[in-house]
Amino acid sequence: MMVFFYLYANSFQGDLNKVTIRLESVNILDENKLDKRAHLNVRFYIQNPTSMVLTVSTINYELYANGNNVGEGHFTTEDIPEAGRPPLFANDNLTLSTTFELVNDEKISKEYLAITTNQAVKYEAKGQITIESFLTAVIKDFDSTLG
């Protein structure tokens, strides 16, 4: 019986891999000039072309601005029971937001200035998303550009 359940649960992994994620927008929320930090609102657009209701438990990513790595960001609902997580309905989409802390240092001072003064910036997010159904979970790599 356990083998059957394992095989049945894993049969949905192919469908979970059809879910797509892309970087939708990056906007500045605030800037603390004394601490040389800014908070960015990073939004991801997720499409579910499957016939199952899914949830997203984590998004871990590195954010690039004009080709330079400006840091790591995270979105998580792992501490929330699955029933309380934002649902990704069948054949629908979902936008998830996360706050990214941008810290100014010598390596990214040019990008930091461009971001905080609302100049044109090409963003890229590279990372992994964890997609869950009621039976199984899949970790999927992604790479998305904006601008």
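Which residues touch the most other members of the largest nonpolar core? Before I answer, a word on the model. It is predicted, so local features need pLDDT of at least 70 and side-chain atom pairs count only at pLDDT 80 or more, while totals for chains, interfaces and linings use all residues. Residues are numbered from 1 along each chain as its sequence is written, and side-chain values use heavy atoms, leaving out hydrogens and water.

A nonpolar core here is a set of buried Ala, Val, Leu, Ile, Met, Phe, Trp, Tyr and Cys residues joined through side-chain atoms within 4.5 Å; buried means under 20% relative accessible area, with a 1.4 Å probe and protein chains only. The largest such core has 35 residues, and V42, F44, I46, I59, Y61 and L102 touch the most other members. Among the elements that give two or more residues to this core are strand 2 (37-48), strand 6 (92-103) and helix 3 (109-116). Strand 3 provides the largest share, six residues. Strands are DSSP runs of E, at least two residues, and helices are runs of H or I, at least four, numbered from the N terminus.

Let us turn to individual residues. Contact means heavy atoms within 4.5 Å. Not counting residues up to four places away in sequence, V42 touches S25, Y61 and F100, among others.

S25 itself lies in strand 1 (residues 20-32). S25 counts as buried because its relative accessibility is 16%.

Finally, A38 belongs to strand 2. A38 is buried, at a relative accessible area of 0%. A38 and L102 are 64 residues apart in sequence, yet 5.1 Å apart in space, C-alpha to C-alpha.

Notes:
Buried means under 20% relative accessible area, exposed over 50%, partly exposed in between (1.4 Å probe, protein chains only).
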